[in-house]
Amino acid sequence: MADKILEVKNLKKYFQTPKGTLHAVDDVTFTIERGKTLGIVGESGCGKSTTGRTILRLLEPTSGEVLFEGKDVTKYNKDEMRKMRKEMQLIFQDPFASLNPRKTVSEIIGEPLTLHKLVKSKEELNTRVLELMEVVGLAERLVNAYPHELDGGRRQRIGIARALALEPKFIVCDEPVSALDVSIQAQVLNLLKNIQEKMGLTYIFITHDLSVVNHFSDDIAVMYLGKLIEKAPAEELFAHPTHPYTQALLSAIPVPDIHHKQERIILKGEISSPINPKPGCRFAPRCIYATEECFKNEPELINMGEEHFVSCLKWKEMAEKQQ
């Protein structure tokens with residue numbers, strides 16, 4: 001039986017706004033096996049980053065359960081959650097904004113070790129910091145450098161080293177390469193993959209880039225306006241995308257072949273508002289297959305088989321078209 005390190009059940013995160021209730025994350029459910037990577041994709045504003053931060057309780061969930069190794073962390077008090085921080089960490093999207101500009105590389109990486117009292121002396125702290133710098137590929141000569149003196153790739157390596165300092169089991173990678181040059185992106189992705197294999201880490205990898213997530217993730221979850229609309233093993237999702245939104249996303253990936261004529265699916269229609277959302281499927285106003293039923297009834301996440309889940313009232317018709 002698969003070893004599930006994380007189970008998210010009916011997770012919701014709502015925000016109150018002057019115009020009503022914003023449904024940022026709405027009834028999201030999934031599981032992740034130990035040592036695997038779940039990629040979460042979707043356009044800006046779909047709720048993928050909010051999902052990651054709510055799982056870590058950087059944002060308090062409105063309702064739902066987050067079971068980490070069988071224990072619901074949403075019920076933890078501050079002291080219990082502080083201890084849990086050793087197990088669950090976050091790599092931020094913007095490496096410059098997430099680093100304290102007044103602290104050196106060694107101070108930034110060593111801060112979690114000091115806060116959690118994991119080192120007994122200054123010498124032990126310095127030794128551990130240098131070990132972490134070596135793991136992420138930072139030269140020892142940068143130990144007293146400040147973030148503004150370094151490029152984006154090195155800054156992100158500092159962020160990764162800081163996340164690894166407490167030896168966590170699970171890390172949320174919140175678009176960790178989107179702010180980097182393409183050549184640096186590949187280096188950081190390879191680094192994250194190597195670290196995962198050596199340390200047996202489990203990742204949630206949040207991104208809007210499907211071509212990146214395909215090579216990095218074991219499973220992929222697609223979100224749209226706070227809803228999880230499709231989830232499947234990476235190869236299965238790319239081979240048989242079932243939800244019309246997933247199909248549109250995949251059709252937008254550039255193909256480096258001038259002889260290959262790529263048919264892009266152009267989405268039209270108005271994007272539904274996540275504030276006090278209307279009944280029915282949230283993608284219906286942009287879906288060419290939508291019927292009157294789609295505007296009235298909200299689809300459930302259904303297992304099509306082979307661990308391929310989809311939330312669409314027309315999923316059988318869509319699945320037949322894939323065959």
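Biologist: Which residue of strand 10 stands opposite Met223?

Modeller: This is a predicted model, where local features need pLDDT of at least 70 and side-chain atom pairs pLDDT 80 or more, while totals for chains, interfaces and linings use all residues. Numbering starts from 1 along each chain as its sequence is written, and side-chain values use heavy atoms, leaving out hydrogens and water. Strand 9 pairs with strand 10 (residues 227–233) in the antiparallel sense over 6 bridges; strands are DSSP runs of E, at least two residues, and helices runs of H or I, at least four, numbered from the N terminus, and pairing takes at least two DSSP bridges. Opposite Met223 stands Leu228.

Biologist: Which residue in the turn of that hairpin has a positive phi?

Modeller: Strand 9 and strand 10 are separated by 2 residues in the hairpin. The phi of about 45° belongs to Leu225.

Biologist: Why is strand 9 (residues 219–224) described as largely enclosed?

Modeller: Strand 9 also pairs with strand 3 (residues 37–41), in the parallel sense over 4 bridges. Buried is under 20% relative accessible area, with a 1.4 Å probe and protein chains only. Strand 9 is largely enclosed by the rest of the structure because its buried residues number 5 of the 6.

Biologist: At what angle do the axes of helix 3 (residues 105–115) and helix 5 (residues 152–164) cross?

Modeller: Axes are lines fitted to C-alpha atoms over the stretch in contact, with angles from 0 to 180 degrees between N-to-C directions. The two axes come within 7 Å, and the crossing angle is roughly 25°.

How values were computed. Buried means under 20% relative accessible area, exposed over 50%, partly exposed in between (1.4 Å probe, protein chains only).
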